[in-house]
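Colleague: Before we discuss any assignment, please show me the structure and state the criterion behind each term you use.

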Amino acid sequence: MKKIAAELLAAFLLCAAMGVFAHAAQPQALKFVVLGDSIAAGAMLRSKSDAYASLVAGAKGYDLRNLAVNGYTSADLRERVTGDKAFREEIAGADIIALSIGGNDMLKTGDILGSLAIGMLGDYEALEPIMGPVFAGNRENLAAIAAELRALNPDARLIVQTLYNPAFPLPSLREAYGRGVEIINQSIHDYLEQNPGAFEIADVFSAFEGRGGLIFFDMTHPSRAGHAVIAAVLTAVIDGEEPPLPAVRPLRARLDRRMNPVLALADRVVVWVLGRVL
């Protein structure tokens, strides 16, 4: 009986040890930290599981920490990155960090409606005193954020997303806002050129440009389809591949063709009125 008991105990211990070893052999999920504003937070979506952060984490098996906050500007994020202990600890433990910030820098300009109206008239020189400090602040904040993220976690992969141009219906309004988007996106590329290897760029702008159905009716936030596109762009960067560009849906293309003459006429009327008022 003693021999049988000893054999049973040895078998039990062996099975337990094998279970421990098997558990220890399982790779630990990479920690994926997402920083940014309402775009990164998944605002307007019915389910946060449809947000691009969740889509990437689910597809890749990552441990997600979405630290994005609705309404954040680059100044808000800079303050949080440099001053919030818990925030900094999450960043320090990350394997991959994705950053999307900057849109609110323009939208929260004191007289954003007046600025857009001036831009619609094509008077960009008049915009310089208003928007110049905004873009300078964005460049300074981006540089400080990137440097601090690298100081906190020099080994993590840092991916910075470019801004897309929202779906403003009037051509002159889209062009005016698009000038600001181009300036902020250029700042991202300029920083990387001056600091090679500081981060990788996910070109969300190119994936959205000229494609309908990717932005909600609020003309600002990505739709469910838009989040899927951002997730595809981020995943391609992570995997070292070229991001797939979504096809323009035939129905949407037909609707756009029919609406373009109407919108062009409305645009001319609005610009004419603004020219008389301003």
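Modeller: Helices are DSSP runs of H or I with at least four residues, strands are runs of E with at least two, and both are numbered from the N terminus. By that numbering S187 is found in helix α9, residues 171-194. The model is a predicted one, in which local features need pLDDT of at least 70, side-chain atom pairs count only at pLDDT 80 or more, and totals for chains, interfaces and linings use all residues. Residues are numbered from 1 along each chain as its sequence is written, and side-chain values use heavy atoms, with hydrogens and water left out.

Colleague: Why is S187 called buried?

Modeller: Buried means under 20% relative accessible area, exposed over 50%, and partly exposed in between, with a 1.4 Å probe and protein chains only. S187 has a relative accessible area of 7%, and is therefore buried. S38, in helix α2 (residues 38-41), has 11% and is buried as well.

Colleague: What makes β2 and β5 edge strands?

Modeller: The open sheet has 5 strands in the order β2-β1-β3-β4-β5, with parallel pairing. β2 (63-66) and β5 (200-202) each have a single partner strand, so one side of each is left without a neighbour in the sheet. For β5, 3 bridges join this strand to β4 (residues 157-161), with A202 as the partner of Q161. Helix α11 (residues 224-239) packs on the sheet, touching β3 (96-100), β4 and β5.

Colleague: Why is strand β1 described as largely enclosed?

Modeller: In β1 (residues 31-36), 6 of the 6 residues are buried, so the strand is largely enclosed by the rest of the structure. K31, V33 and L35 point one way, while F32, V34 and G36 point the other way. In a regular strand the side chains alternate between the two faces of the sheet.

Note on methods:
Pairing = 2+ DSSP bridges. Contact = heavy atoms within 4.5 Å. Axes fitted to C-alpha atoms, helices over the stretch in contact; angles between N-to-C directions.
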